[in-house]
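Colleague: Could you take me through the sheet in this model, with its strand order, its edges and what packs on it?

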Amino acid sequence: MVPILSPNIEQYLNQLNNQQASNDALGQVMEERAARDDFPIIGPVVGSLLELLARTARASRVLELGSGFGYSALFFGRGVGQRGTVTLTDTDSALLDEARQFLTQEPNGCVFEYLQGDALELAASLEGPFDIIFNDIDKEFYPEVPERALSLLRPGGLLITDNALWNGDVLDPQDAAARGVADYNRMMYSHSSFQTSIIPLRDGLSISLRVQ
Ligand SMILES: C[S@@+](CC[C@H](N)C(=O)[O-])C[C@H]1O[C@@H](n2cnc3c(N)ncnc32)[C@H](O)[C@@H]1O
């Protein structure tokens with residue numbers, strides 16, 4: 001396990017982010033929920049970045065693969081606002097129920113949709129185009145995401161993937177999860193339909209623009 005950012009820099013970024021998100025009551029309740037059960041969420045710094053990307057792309061349709069209890073969707077919803085829809089997916093219906101309870105408290109005008117099941121199977125039954133697809137499913141399945149996303153993403157749309165550095169385990173992958181993430185990164189950096197960059201924030205955020 002390799003620290004992606006030095007703890008001091010991480011703390012500095014969190015403090016700065018708090019200045020613009022200090023009154024985010026719902027976000028804080030959801031962060032406390034995650035901390036209680038050690039549930040992995042993107043956290044507020046990456047959340048702000050997702051909101052910013054959705055605003056920049058003027059996104060009206062966002063699809064999440066692996067939504068948990070809706071924390072990342074909260075930020076996409078803020079970025080999309082009244083323009084449209086965020087579709088959440090998760091295999092765990094109890095998590096989606098929780099997400100529904102949290103996100104009904106968010107008065108930003110965005111519509112949230114909840115689909116229970118395997119995200120890649122659900123995606124196969126959905127109609128595009130989406131402006132943004134956010135990938136946060138089990139890591140060993142990451143290599144299946146690019147082709148599925150390509151069929152649903154508009155040209156100029158973004159495929160965003162969390163945990164792209166996977167605690168540094170991508171440097172010397174020793175298990176299926178680390179191999180899945182490392183393979184995904186290689187695929188995306190050599191994919192002719194995408195331009196990709198990994199931002200070493202938190203656990204690494206991969207951002208891929210569909211260029212053709
Ligand atoms: C890291 S958590 C998601 C956290 C969420 N994106 C956030 O930051 O708030 C990953 C979630 O993906 C779900 N998941 C994993 N593999 C999946 C799959 N193949 N299809 C649907 N959901 C999946 C898990 O049940 C879990 O809730």
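Modeller: What follows is a look at the sheet and the helices on it. This is a predicted model, in which local features need pLDDT of at least 70 and side-chain atom pairs count only at pLDDT 80 or more, while totals for chains, interfaces and linings use all residues. Residues are numbered from 1 along each chain as its sequence is written. The sheet is open and has seven strands in the order S3-S2-S1-S4-S5-S7-S6, with mixed pairing; strands (E, at least two residues) and helices (H or I, at least four) are DSSP runs numbered from the N terminus, and two strands pair if DSSP finds at least two bridges between them. Because strand S3 (111–116) and strand S6 (194–199) stand at the edges with a single partner strand each, one side of each has no neighbour in the sheet. From one strand to the next, the twist averages 15°, where axes are lines fitted to C-alpha atoms, for helices over the stretch in contact, and angles run from 0 to 180 degrees between N-to-C directions. Within the sheet, strand S5 (residues 153–162) and strand S7 (residues 205–210) run antiparallel and are joined by five bridges, with Asp-162 opposite Leu-205 in S7. Helix H3 (residues 43–56) packs on the sheet, touching strand S1 (61–65), strand S4 (130–135), S5 and S7, and its direction makes about 180° with that of S5; here two residues are in contact if their C-beta atoms, placed from the backbone, lie within 7 Å. Helix H4, in turn, lies across S1, S2, S3 and S4 and runs at about 165° to S2.
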